[in-house]
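Q: Can you walk me through this structure? I'd like the main features, quickly.

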Amino acid sequence: MTALRRPGGPGRAVRRRTVREPADRLVRQLRGHWLATALVTAGLVLRVLAMIAYRPVLFYIDSTRYLYHAGGNDPVGYRLPLRGILLVGNLETVAAVQHLLGLAMAVTLYAVLVRRGTPRWLAAIAIAPVLLDAYQLQSEQTIMPDVWFEALIVAGLAVLLWTPHLTTKICIAAGLILGTSATFRQVGEILILPAAIFVLAAARGGWRDTARKTIAVCAAFIAPILLYCSVSLALTGHFWLSHTGVTTTYGRMAAAADCATLQLTALERPLCPTPAQRSLGPDGLEHSTRSPLRPLYRPSYARLHGDPSTVVAAFNSAVLTQQPVRVLAAIARDAVRVFAVTRTTSQGDTPISRWQFQDSYPTFAPHATRAQIRSIVAQFGGGEPAVSRPLAAFLRAYQRGGGYTPGPLLLLAALTGLAGSLAALLRRRASAAQRQLSLGCLLFFTTAAAVLLVSDLFEFSWRYQLPALVTLPAAGALGLSLLIGCLRGRRHGQAPAEGPAPACGTAGPQYRSGGP
């Protein structure tokens, strides 16, 4: 007697196996990257808490200029993605997308580091700052371009580092992405320097090939900036990225100047700040109503003395040429503050409270008052501004109680990143694995140094230190991987040129089309 077969039995089993296999494969992948998975999960939880705690989003002084066509001193490329999101969603959607960008940056950095040969545990530690730093979370919850600027940096560097073979197409793609970052924050203009240095160090096809790829990345970098300036010319009559004049550097120069020994003309002398004005710091000297700048920009001054910008430019030049050591010392003092143990506001700083979670819904007069925020919410949607006090209190306590990247950790990352960068530039006899690590280290370190130092040229703000979270830890992880690999190679008596030196338990860079 023949047993009856259940209809579709084998087919059902095949379908069940087909569905289960991808899930099993995903579970195995997550287990293999368990530390990174745990950190991403923690970062996701913190971001959900931030969205619930402050609804629909947080606003800052400059937020309205991106939502409307208001004037200002920064590029407004942020308006493009902002308006695109608001066409299909509301203000809460903007916050959600920006938080997803934060998570995507972490995943991308982890993938790049592992592909370059960094051990998984070390790569996971390197992405912890961008996932868990409360100042990063607050930035993502705010209508401001900073997260997009960071994301464009990460995307551009990832394109350059994704494969070991640098092609002209890769150079063009990376140049376009990095150049676009300058339309979100003008400091992005400096990114052409680390990109060009990397291409010069990484290209291996002779001087013609190196020149072609360097020109490609530079030309591609300039293209979006020229496009932005051309649109600006058509709309405003000005071919520029932003309206940044001589007053942008006045704050730094006036704060550093020793006016007692400074040789100035009669028109320039009133720009010397009093002790009370000097306490405003570079930002206050540029923007405060108590600044010596204010009288110069009254209509009567131009009628009597001509263009005030000419006088300000002459004052800035006098300080820089007569007292360059004081200016450089002031910049250096601010540049090393990113490595401080605690996050505090020094005299003359932009208050750090602006970048901290508050117990109540924060407002900023005159451009982000409660009435203005309600009007914005009524137009773009997302619900009335509200705060969940228990969650807000938790986030504030987390941030103020150590929920930020320790400065000494960033210092360690900077030092190991510097060592790895020097290895890329100076060391000729290196294995393929060591070279890939050192080149990645060079790119991340020079990017961090360029963006942070240029920002500090004008003034110090904890907001402007956020790009360190997506650059310095990655540079440090690559540099430390290189150091560990070299030490292990020496311990086993292996010469650097004999073959790939494993980096702390790895077999060197693992380039695969499917990622790490």
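A: Cys-259 and Cys-272 are both buried. Keep in mind that this is a predicted model.

Q: How are Cys-259 and Cys-272 joined?
A: By a disulfide, with an S to S distance of 2.2 Å.

Q: Left-handed or right-handed link?
A: Left-handed. The angle about the S-S bond of Cys-259 and Cys-272 is -100 degrees.

Q: How many disulfides in total?
A: The count comes to one.

Q: What about Cys-171, where is the nearest cysteine sulfur?
A: That sulfur belongs to Cys-218 and is 9.4 Å away. Cys-171 is in no disulfide. For a disulfide, the two sulfurs would have to be within 2.5 Å.

Q: Is Cys-171 buried or exposed?
A: Buried, because its relative accessible area is 0% and the cut-off for buried is under 20%. Cys-441 is buried too, also with a relative accessible area of 0%.

Q: New topic: packing. How many residues are in the largest nonpolar core?
A: The largest nonpolar core has 117 residues. Those with the most contacts inside it are Phe-59, Leu-91, Ile-143, Phe-198, Phe-444 and Leu-472.

Q: Which helix gives the most to this core?
A: Helix α5, residues 91-115, with twelve residues.

Q: And what does Leu-91 touch?
A: Leaving out residues up to four places away in sequence, Leu-91 touches Pro-56, Val-57, Phe-59, Leu-86, Ile-143, Ile-376, Val-377, Phe-380 and Gly-381.

Q: Which residues does the second core include?
A: This separate core of 22 residues includes Cys-259, Leu-293, Val-311 and Ala-318. Cys-259 is also one end of the disulfide.

Q: Back to α5. How do the axes of α5 and α6 cross?
A: The axes come within 9 Å and cross at roughly 155 degrees. That makes α5 roughly antiparallel to α6, because angles over 145 count that way. The crossing of α5 and α6 is right-handed.

Q: Which residues of α5 and α6 meet?
A: From α5, Gly-102, Leu-103, Met-105, Ala-106, Leu-109, Tyr-110, Leu-113 and Val-114. From α6, Arg-120, Ala-123, Ala-124, Ala-126, Ile-127, Val-130 and Leu-131.

Q: Switching to Ser-438. Buried or exposed?
A: Buried, with a relative accessible area of 5%. Ser-438 is in helix α21, residues 432-458.

Q: What does Ser-438 touch?
A: Gly-420, Ala-423, Ala-424 and Leu-482, again not counting residues up to four places away in sequence.

Q: Last one: where does Leu-411 lie?
A: In helix α20, residues 407-426. Leu-411 counts as partly exposed, at 35% relative accessibility.

Q: How far apart are Leu-411 and Pro-473 in space?
A: 9.4 Å, C-alpha to C-alpha. In sequence, Leu-411 and Pro-473 are 62 residues apart.

Notes:
Residues numbered from 1 in each chain as written. Predicted model: local features only at pLDDT ≥ 70, side-chain atom pairs only at ≥ 80, totals over all residues. Heavy atoms only, no water. Core = buried A, V, L, I, M, F, W, Y, C linked by side-chain atoms within 4.5 Å. Buried < 20%, exposed > 50% of the residue type's maximum accessible area, 1.4 Å probe, protein only. Helix = DSSP H or I, 4+ residues; strand = E, 2+ residues; numbered from the N terminus. Contact = heavy atoms within 4.5 Å. Axes fitted to C-alpha atoms, helices over the stretch in contact; angles between N-to-C directions. Parallel < 35°, antiparallel > 145°, perpendicular 65-115°, else oblique. Left-handed = near helix turned anticlockwise from the far one by under 90°.
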